[in-house]
Amino acid sequence: MKISENLSRREFMTRILDFAKKALIALPFVSGFGAVKAFTGGAFLKTAEAKELVAYDPSQHLYAMGVYIDRCIGCGMCARACKKENNVPQEPFYFRTWVERYQILKEDKTIVDSPNGGIDGFPETTNKADVLRSFFVPKLCNQCKNPPCVQVCPVGATYKTKDGVILIDDKYCIGCRYCIQACPYGARYLNPVTKTADKCTFCYHRVVKGMKPACVEVCPTQARVFGDLKSESSPMVRLERMNKIRVLKPDLNTEPKVYYVDLDGEVS
Amino acid sequence: MESLNERLMSALQQVSGYIYPNEIELHWSLLIVIYPFITGLVAGAFILASLEKVFNVKELTPTYRFALLTALSFLFVAPLPLLAHLGHPLRSYEIFFTPNLSSAMAAFGFVYAWYLMAVLLLEVWFEFRKDLILWAREERGLIKWIHRALALFSTDVSEEAVRFDEKAAKIITVIGIPSAFLLHGYVGFIFGSIKANPWWSSVLIPIVFLASAIVSGIALVLILYTIVTLLRSEKIDMKCLDRLVEFLFYAVIIDFSLEVLDFIHRLYQSEDSIKILSQMVCNKLFVSLVIMQVLLGTVLPAIFLVFFRYSRFPEELRRLAYFISALLIEMGIFCTRWNVVIGGQLFSKSFRGLTVFKVEITGFEGILMSLALLALPFIILFVVLKILPPWRISSLPVDKN
């Protein structure tokens with residue numbers, strides 16, 4: 001094909017489209033049907049995902065979770081939903097989130113339990129008359145501002161995002177388990193399938209799309225609240241404004257971003 | 001073989017009090033006990049070698065080269081338990097390529113490489129270069145070529161070159177002492193810097209690790225020197241052995257004092273973790289800490305060492321007493337590592353309960369694997385002693401200038 005010097009815009013466009021058509025027809029013969037499918041379908045999907053990612057700017061957000069202790073009824077829906085949503089092994093040794101029951105007895109004794117993370121509910125274990133007070137505490141990764149797990153990871157496989165969530169790159173984690181040792185909250189476990197460290201991500205795959213984490217979504221009493229601390233209209237900002245809040249193990253200077261409303265001093 | 005789930009399920013039944021649900025699996029097991037044990041032996045053996053070279057303790061000359069080769073053989077094995085323990089050993093190279101500089105563990109690759117390449121291999125080379133060349137001159141066949149290759153085909157054994165070798169070895173030893181401190185102090189720091197764990201989190205841990213490393217290194221060289229000399233049907237240099245025992249005793253006293261200091265400090269400060277730690281020491285760690293580490297591994301052998309060192313018993317009996325004491329001390333140091341690593345994971349970070357540790361027999365983290373890893377440095381040492389016999393003196397003189 002000879003390209004004339006005075007090629008008009010219309011001619012140029014026609015030729016380009018013509019070339020594209022021919023290329024599309026020729027492609028199956030060159031690289032097989034599968035490649036075309038991947039080319040057409042895959043390319044569109046990637047474009048859609050890319051658009052979504054471009055629209056999301058992590059530096060504009062700072063996520064946190066709030067827990068109203070007095071609202072939690074210990075139903076375990078959150079822990080169950082979390083396992084389903086995040087493909088957490090079902091065995092009772094692996095949890096991204098779990099619920100603890102505290103029973104403070106009259107005889108100055110505290111009993112804490114979390115059978116199967118609270119997923120199956122809490123059977124009565126003490127005589128009601130002996131209990132001074134009792135409450136439930138949902139636990140999860142505290143997404144610390146100063147995360148000890150990130151500090152100790154030898155290869156940087158666990159890291160803090162700009163929107164304040166601690167994530168793990170499971171393609172990169174070497175499975176040394178140093179982060180599990182460094183977490184003061186017992187929030188991490190080694191996934192027996194991937195052999196890499198795993199923990200709560202605030203359902204990052206959901207929150208970047210504007211959805212709530214699964215545990216917050218299913219909580220029947222709205223004991224769990226999730227929101228963006230950088231957004232004035234966020235329920236988290238309201239929670240912070242209206243309540244006395246506490247974090248877990250504040251003396252360790254990890255600066256958690258899971259805030260508890262009316263947390264009892266017994267909780268560790 | 002019990003599956004992981006079965007093991008965890010049976011552990012779940014034996015938990016006392018409350019532990020976080022993710023804490024049922026004990027994450028650092030037998031292999032991570034062996035890792036600081038082996039690096040401790042390396043650092044200790046090297047520091048013993050340096051006593052002769054830098055501090056001119058001439059009585060220890062028979063053990064100088066021996067201690068160096070022991071340190072080298074154990075250093076080759078030091079990273080293996082770590083590697084075997086990883087969930088993804090094939091990704092381990094990332095520690096070298098993309099280290100996270102805020103991680104104590106990321107320094108491992110560099111500290112290890114420095115110690116192996118810049119200290120031990122260089123020192124061994126300078127120490128043996130002259131002999132390698134002289135041995136090669138009187139040898140034939142494969143061993144001649146091995147010795148020539150190990151000397152990196154250098155041939156200069158003039159007095160001047162030999163003087164340079166000696167000087168170089170001395171300088172490397174001087175650099176090596178802080179490096180040995182770094183190697184093992186750093187291993188202690190891996191544990192000591194974990195603020196989430198009150199059993200580990202202590203500034204004294206790296207120093208205690210160092211002191212116990214020196215103890216274990218001297219005891220190991222004493223044991224190996226005795227065995228190898230007897231196997232060679234040679235006479236044991238009693239002056240050397242007495243001096244070794246003296247240094248071993250000093251090291252035991254320093255190590256024990258530091259550990260007692262750490263213990264008293266914890267007890268006196270009585271922080272929020274003290275209740276659960278006391279429960280752990282009185283129940284789960286009673287045998288391994290109080291009986292095996294303190295009584296059988298420290299107090300008893302320390303008394304033995306002093307008693308037999310200054311008694312007038314016949315040499316053979318003294319040698320036997322030294323040997324048994326060193327074995328007990330070695331067992332005690334292994335228990336020290338066990339109590340730190342396993343002990344640090346037996347209590348919950350909620351400080352409300354204790355869990356259990358069941359040792360596996362087979363499997364990557366099992367007893368068999370651990371025994372194999374502990375036997376490997378001895379096999380390496382056997383081969384190294386065949387190639388570089390520290391006691392062999394060439395009949396040829398060095399070249400005159």
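**Entry 1, a helix pair in chain B.** I looked up how α6(B) crosses α7(B) and found the crossing left-handed (the near helix is turned anticlockwise from the far one by less than a right angle). The model is predicted, with local features needing pLDDT of at least 70 and side-chain atom pairs pLDDT 80 or more, while totals for chains, interfaces and linings use all residues. Residues are numbered from 1 along each chain as its sequence is written, and chains are lettered from A in the order in which they are written.

I noted that α6(B) covers residues 108–138 and α7(B) residues 141–150, packed at about 155° with axes 8 Å apart. That makes the two helices, α6(B) and α7(B), roughly antiparallel (an angle over 145 degrees). Axes are lines fitted to C-alpha atoms over the stretch in contact, and angles run from 0 to 180 degrees between N-to-C directions. Helices are DSSP runs of H or I, at least four residues, and strands are runs of E, at least two.

I listed the touching residues: Leu132(B), Trp135(B) and Ala136(B) in α6(B) meet Lys144(B), His147(B), Arg148(B) and Leu150(B) in α7(B). Contact means C-beta atoms, placed from the backbone, within 7 Å.

**Entry 2, a strand pair in chain A.** I found 5 bridges joining β1(A), residues 63–68, to β9(A), and the two run antiparallel. Pairing needs at least two DSSP bridges. Tyr63(A) stands opposite Asp228(A).

I checked β9(A), residues 224–228: 4 of its 5 residues are buried, so the strand is largely enclosed by the rest of the structure. Buried means 20 or more other C-beta atoms within 10 Å of the residue's own.

Conventions. Buried ≥ 20, exposed ≤ 12 C-beta atoms within 10 Å, placed from the backbone. Parallel < 35°, antiparallel > 145°, perpendicular 65-115°, else oblique. Contact = placed C-beta atoms within 7 Å.
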